[in-house]
Amino acid sequence: MSGPAAGTAVAATTTDVVCLGESMVTFLPSQPGRLADVPSFGRGIGGAESNVACALAAAGHRAAWVGRVGADGFGDHLVETIASYGVDTSAVRRDPVRPTGIYFRTATDRGTDTHEVAYYRAGSAASAMSPANVPYEELFAGRVLHLSGITAALSGDCLALLRELTAARPGRPLVSFDVNHRPHLWRGGDASVLLELARRADLVFVGEDEAEEAWGIVGAEAIRAAVPEPAVLVVKRGSAGATVFASGLRPGARSSIAGGAESAGARSSSAGGAENADTVTHVPALLVDVVAAVGAGDAFAAGFLSATLRGLPVRDRARHGHLMAAAVLTVPGDLTEPPARDHADRLVALDDDAWGRLRLGPGWTAADRASEEVRTP
C-alpha cells in the first residue's frame with residue numbers, strides 16, 4: 001500500500017491518540033561518569049512518541065503506539081514494556097531483517113558538555129517506515145495523530161511518510177506535531193523541512209531554542225508568524241514557561257479537537273487584528289527540584305493533549321503540560337506515573353499567585369493517590 005486510500009475517513013473512533021515513531025531500548029548508566037568509565041547499564045526504553053503514548057495511557061486515555069521494530073529480543077522488550085503501560089501496540093510491525101535501535105547515555109543532564117549519548121539506530125527497523133508499509137487504517141483510527149520531527153530525520157522514506165500523514169484530506173484526525181529538533185540527526189540534512197511539516201499540522205509544539213537553532217527564528221511572536229496555519233501553536237520557553245497561540249478566527253486555520261481558546265484567569269491578549277486574531281496565553285513554568293532532565297518535552301505534550309481531549313481552556317492545557325513534565329523531571333527516567341487526575345486538576349485550579357509559589361520535588365505525584373481515581377473523559 002503506497003499511501004492512504006483516497007477519501008480515507010474515520011467513522012467511530014475507539015482511540016484517543018495514536019502516536020507514530022521510533023522507540024529504542026535505552027541503556028542507563030549505573031553511576032555518573034564517561035561512557036568509557038561506566039561499568040554497567042540498566043535497560044529501559046526511550047522514544048518521543050511512545051513516551052507520549054505511555055503517559056497518556058497512564059493518565060487514563062486510550063492511546064496507541066505505531067512503530068516498526070526488529071524481530072529480535074530488544075523489539076520484544078519494547079513492545080511488551082510499552083504495552084504494560086496500557087498502550088495498544090497491536091499495529092506495531094516487525095522487520096525480519098533490520099534490528100531494533102538502541103542507545104546508551106550518561107547520567108548527566110543532556111544540556112551539559114559532559115553529557116554523552118551513543119546511538120545505534122542507523123539502518124534500524126524504524127528507519128524503514130515508509131508510505132508503503134504503515135497501517136493507515138490504524139493511524140487514522142484516533143481522535144488525534146501525534147507525530148514528531150525525529151521521524152522525519154530517520155530516512156527519506158520516513159520523511160515521505162510524514163508528508164503523507166500531514167497532507168490535508170477529508171477525515172484526517174487532528175494532527176499534533178512536536179518539532180523535536182535533534183541536531184545530531186540532521187547532520188548533512190536540511191532541518192528546515194520541520195517548518196514545512198509544522199505548517200501542515202493542527203497543533204504544534206516547538207521550543208524557542210530549537211526554532212532558533214533549526215530555522216534561525218527568534219522569539220515566540222516570530223515563530224507564530226512563520227507557522228501561521230495551525231489552530232494551536234505552543235512555544236516552550238524553558239524556565240519562562242510556555243506561550244500558546246490559539247485561533248478559531250484565523251482564515252484557513254484548522255480547528256482544534258476541542259474549543260477553549262479563551263482561558264479565564266490566564267494572562268491573554270489578542271494579536272493580528274480582527275481578521276487574523278490569536279488568543280495569546282502565557283503560562284509560567286513551575287519550580288521543580290530536577291532529578292533528571294530527560295523526557296520533559298514529551299511529558300508536556302502528553303499533559304497538553306490530555307487536557308485538550310477533555311476540552312479544558314488553554315491555560316489549563318498548558319498547566320497540565322507543566323505538571324506532567326514536573327512528574328518526569330523528578331524521577332531518573334523518561335517515564336513515570338503521572339499525578340492522579342483529581343490531584344492535578346486541583347493544582348491547575350490554583351490562582352496565579354499560588355501557582356507561582358508551587359514547588360515540586362521527588363515523590364510529589366504520590367500525594368492523595370490512594371484516595372483518587374484516574375478516570376477517562
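1. Ground rules before you dig in. The model is predicted, so to speak of local features a pLDDT of at least 70 is needed, side-chain atom pairs count only at pLDDT 80 or more, and totals for chains, interfaces and linings use all residues. Numbering starts from 1 along each chain as its sequence is written, and side-chain values use heavy atoms, with hydrogens and water left out.

2. Cysteines. You'll find 0 disulfides here (a disulfide being a pair of cysteine sulfur atoms within 2.5 Å). For cysteine 19, the nearest cysteine sulfur belongs to cysteine 54, 8.9 Å away. Cysteine 19 is buried at 0% relative accessible area, and cysteine 158 is buried with 0% too (buried is under 20%, exposed over 50%, partly exposed in between, using a 1.4 Å probe and protein chains only).

3. Asparagine 180. Worth a look at the backbone: phi is positive, about 45°, although this residue is not a glycine. Asparagine 180 sits in the loop between β10 (174-178) and α6 (193-199) (DSSP runs: helices are H or I, at least four residues; strands are E, at least two; numbered from the N terminus). It is buried, at 6% relative accessible area.

4. Threonine 100. This one is in the loop between β6 (93-95) and β7 (102-105), and is buried at 6% relative accessibility. Leaving out residues up to four places away in sequence, threonine 100 touches Val69, Gly70, Asp72, Phe74, Gly75 and Leu78 (contact means heavy atoms within 4.5 Å).
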